[in-house]
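User: I am new to this structure. Please show it, and then let me ask about the terms.

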Amino acid sequence: YPEGEHLGWGFADGLIDALSAAPGLSIYPRGVTSQVRAAQSDPRACGRLLGAEVVAYGTLRRVPGGFVAHLRLTTVEDGFQVWHQVFRGKASDFEDRVDEAARGISEAMGLTLPKIDKVLRDPEALDLFLRGRPEHFRFTAESSERAQELLRLASERAPSDPVVLAA
């Protein structure tokens with residue numbers, strides 16, 4: 001995987017998890033949206049295939065000392081961009097930026113997310129976890145070994161973190 005792609009996956013998963021808590025909002029898991037996205041690069045076309053009214057999409061890249069994410073919310077029917085925001089942070093800010101993005105998207109849609117208790121995470125363990133998950137889903141012997149090693153290291157750094165333990 002390209003350097004930093006695991007952060008995009010982690011950001012997407014965090015958004016999906018947070019937004020799925022909004023009453024009345026149906027969210028597809030990343031596994032479904034990734035399959036559609038692989039077959040169709042236009043976000044609106046993806047939304048049409050999924051029967052969605054709006055799509056959230058964006059980019060995330062590493063920068064010295066952290067990351068920058070640009071997120072957009074666009075209507076599927078007419079293509080109007082109804083929301084855009086840039087999120088910058090260090091590795092230790094990752095989950096806070098995901099939460100801010102989820103709140104921004106939900107507010108743009110006129111929804112309210114329930115308050116979620118913060119869990120303090122070791123940013124290095126989170127990075128190892130986020131790099132290990134996509135390796136696991138490549139389904140090759142080499143990637144499986146890399147995934148096991150990355151997840152083992154994450155577990156050593158944060159043995160009681162529920163996200164790491166879920167791996």
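Analyst: Questions and answers on the sheet and the helices follow.

Analyst: This is a predicted model, where local features need pLDDT of at least 70, side-chain atom pairs count only at pLDDT 80 or more, and totals for chains, interfaces and linings use all residues. Residues are numbered from 1 along each chain as its sequence is written, and side-chain values use heavy atoms, without hydrogens and water.

User: What makes β1 and β2 a pair?

Analyst: Two strands pair if DSSP finds at least two bridges between them. β1 and β2 (residues 66-75) have ten bridges, in the antiparallel sense, so they meet the definition. Within this pairing, valine 63 has glycine 66 of β2 as its bridge partner.

User: Why is one side of β1 and of β3 left without a neighbour in the sheet?

Analyst: The order is β1-β2-β3, an open antiparallel sheet. β1 and β3 (81-89) stand at the edges with a single partner strand each, so one side of each has no neighbour in the sheet.

User: Which strands does helix α1 touch?

Analyst: Helix α1 (residues 5-19) packs on the sheet and touches β1 and β2. Contact means heavy atoms within 4.5 Å. Helix α4 (residues 94-108) lies across β1, β2 and β3.

User: Which residues of helix α3 are called buried?

Analyst: Buried means under 20% relative accessible area (1.4 Å probe, protein chains only). In α3 (residues 43-50), Pro43, Ala45, Cys46, Gly47 and Leu50 are buried. Their cover includes α2 (30-39) and β1 (54-63).

Notes. Buried means under 20% relative accessible area, exposed over 50%, partly exposed in between (1.4 Å probe, protein chains only). Helices (H or I, at least four residues) and strands (E, at least two) are DSSP runs, numbered from the N terminus. Axes are lines fitted to C-alpha atoms, for helices over the stretch in contact, and angles run from 0 to 180 degrees between N-to-C directions.
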